[in-house]
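Work through the exercises below with the structure in view. Each task is followed by a solution in steps.

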Amino acid sequence: MKASETKLLDLLAKGSQFVIPIYQRTYSWTQSECAQLWDDIVRAGTDDSLNAHFIGSIVHVEKGLSNLTAQEPNLVIDGQQRLTTVTLLVAALAEALGRLPEQDREPLDGFSPKKLRNRYLVNNDEEDDRYFKLLLSQTDRDTLKAIVDGAQLPKHCSERIESNLAFFRGRLGTPGTDHGTICRGLAKLVVVDIRLDRSQDNPQLIFESMNSTGRKLSQADLIRNFVLMGLEPSTQERFYAQYWRPMESDFGQAAYEAQFDDFVRHYLTVVTGDIPRLGDIYEAFKAYARAATSDTGSVEPLLSQLRDYSGRYCAVALGQEKNKRLAAAFQDLREIKADVVYPFLLEVYTDYELGTLTTEEVADIVDLVTSYIFRRAVCRVPTNSLNRTFATFAKTLRKERYLDSVKAHFLSMKSYRAFPTDFEFVDALKTTDLYHFKRRSYFLRRLENHNRKEHVTIEDYTIEHILPQNENLSQEWRDALGDNWSEIQARYLHTLGNLTLTGYNSEYSDHPFTVKRDMDGGFKHSPLRLNQGLGQLDTWNADTIQSRATRLADAALDIWQMPELPSQVMAQFQEPRAETAFSIEDHPNLLPPARRALFDKFRSEVLALDPTVTEQFLKLYVAYKVETNFVDVVPQVARLRLSLNLPFESLHDERDIAWDVTGRGHWGNGNVEVGLDESSDFTYVMGLVRQAYEYQIAE
């Protein structure tokens, strides 16, 4: 590697051509970054005391480390955004100067339209693609070539390039703009020119270590570069065209930028069984990729697998499913924003493609998942365990009896993971505040349209409180509600029984119930199912609110159903727990009376954390787990050594009694250890254990 400080225009002038490799992301600077660069150029051009303005680095790979005199392209590893933006500005400046009178076309020596083009935009002695100083990738390439050529932009041009060129054209055409200032500012732009030798330097490692200015690369950008960067150009082109480009196209530009990182996280959860942290997706992918390619050394099977899973993700999460029944089921799932279930559903969809599941079975599974998530939301069950629940869901299934196995697993989950019962669901629906419920639009849409062939678009309606929200109720309303009208209003105002849909919200206002019922567009004439029965009522009070809530809640049971299995079928899935080969008798350090009493107290407290916590005696330690171990007890002569399964930096230990064993060999699972003996502060140590338990549940 050779690095030197260089004026950016000199770098463009001396280099025959800079090429953006196919694996690089497309041009992404917005007008905000362009405006910042423009301001920096103007500042540098007007300040005579400023000799240079540093704008970052340009990292490129060349065949050798000679000076930039040989006519060979340089592959840009980092700096595409700056090179492209300055090229757009130079092109716009050449246009603007070309429209001036002859005597004004070179405001600074070397900055005439002809010199700008021949030095920084084109190679006059070359033809075809080698004619251009900068060659971008994908859609960006043809757009920039047309701009430099002065030709019409392609039909599907790069919106970012077109927009930013228009920005610079606008600034240069603004009355009062001093073109000489812009030329002087451009001449002062300085970069660190970092040239790599392909035979000696590792572009990927250098690329990862760069901390240049500009738009931060996403995890997906890093993954694409990791997969393609080290390959021969022809292989890069083929793999990109065959695998990566179709993924980008399936996602679409907006979804690719917003959701591809999430997809890769779900994909890694499926193929590894572990959930990567949001900031560690790239590192997790590298570890998986190296393991997956260790035998063959070929990255193509990995790319093929990633491509297959991206297609499944687009069907499930991005509305690209073609089958109407499945598309409707996936739409419901997206509306309740249940992306934690995607690892499980990616496995389900894979089995569907393999023919293990029918369309109707997949739809039934998705409906059960939606019902589970929605019921928990209505019942206000915390969501912090759902990631782990669905990351491990498929491991419990017997795929020869797929649907029954899914139902059995849902029914077998206990405590905080339990499927809310019909009673719990109905009770919550009737009593909870649904007006401020995040999923209320989805709820009302499904309730209104269930088993209805002519669907109602509820976005055309607004939420109506039948009993008004106004604290100063009219005398008619107070008489209808009774002496405790204020208490009734506070209790039932935002509940299911008092909420409906209407297109006449402003007309209804705070009018008495009979006026809302009989007016033009009133409840009596409403075509909505939610308003059925209101036209036959003479009053609106606590009794009628409760009665309507019961009716609607019962209807909800038919939509968000609980799984059902005959007891004899359920029993077939409830395998007895395998007996362990070890017991407390195999741990002599636990047998002395004082130590046994301490251990019994400890195990009692740990098992009381949750009914799903299990205990297993192993040869060298005792394990306590939910899905995975959160604390292990290693019996020693002087103490119980507790191994806590969480990162050391995640533990809050204000007394500093725990120690970090990350990367060290030891019995038990986890990166944290703490001692427990008869003289320890038992309550404090249990607080550390509880943190390990809560960390595992949150994960």
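**Exercise 1. Describe how strand S9 is joined to strand S10.**

Step 1. S9 and S10 (residues 622–625) run antiparallel and are joined by four bridges. Two strands count as paired if DSSP finds at least two bridges between them. Helices (H or I, at least four residues) and strands (E, at least two) are DSSP runs, numbered from the N terminus.

Step 2. Phe617 stands opposite Val622 of S10.

Step 3. The two strands make a hairpin, with four residues between them.

The model is predicted: local features need pLDDT of at least 70 and side-chain atom pairs count only at pLDDT 80 or more, while totals for chains, interfaces and linings use all residues. Residues are numbered from 1 along each chain as its sequence is written, and side-chain values use heavy atoms, with hydrogens and water left out.

**Exercise 2. Follow the sheet onward from S10 and give its strand order.**

Step 1. S10 and S11 are antiparallel and share four bridges. Val622 has Val633 of S11 as its bridge partner, and three residues lie between the two strands of this hairpin.

Step 2. S11 (residues 629–635) pairs with S12 (residues 640–644) over five bridges, again in the antiparallel sense.

Step 3. The whole is an open sheet of six strands with antiparallel pairing, in the order S9-S10-S11-S12-S14-S13. Its edge strands are S9 (614–617) and S13 (659–660), each of which pairs on one side only.

Step 4. Helix H28 (residues 682–698) lies across S11, S12 and S14 (672–676). H28 runs at about 140 degrees to S11. Axes are lines fitted to C-alpha atoms, for helices over the stretch in contact, and angles run from 0 to 180 degrees between N-to-C directions.

**Exercise 3. Characterise the packing of helix H14 against helix H15.**

Step 1. H14 (residues 324–335) and H15 (residues 342–353) pack at about 170 degrees, and their axes are 13 Å apart.

Step 2. That angle makes H14 roughly antiparallel to H15. Angles under 35 degrees count as roughly parallel, over 145 as roughly antiparallel, 65 to 115 as roughly perpendicular and the rest as oblique.

Step 3. H14 contributes Leu326, Phe330, Leu333 and Arg334 to the contact, and H15 contributes Tyr342, Leu345, Tyr349 and Tyr352.

**Exercise 4. Locate Thr181 and list its contacts.**

Step 1. Thr181 belongs to helix H7 (residues 179–187).

Step 2. Thr181 is buried, because its relative accessible area is 7%.

Step 3. Not counting residues up to four places away in sequence, Thr181 touches Ile41, Val42, Gly45 and Thr46.

Key
Contact means heavy atoms within 4.5 Å. Buried means under 20% relative accessible area, exposed over 50%, partly exposed in between (1.4 Å probe, protein chains only).
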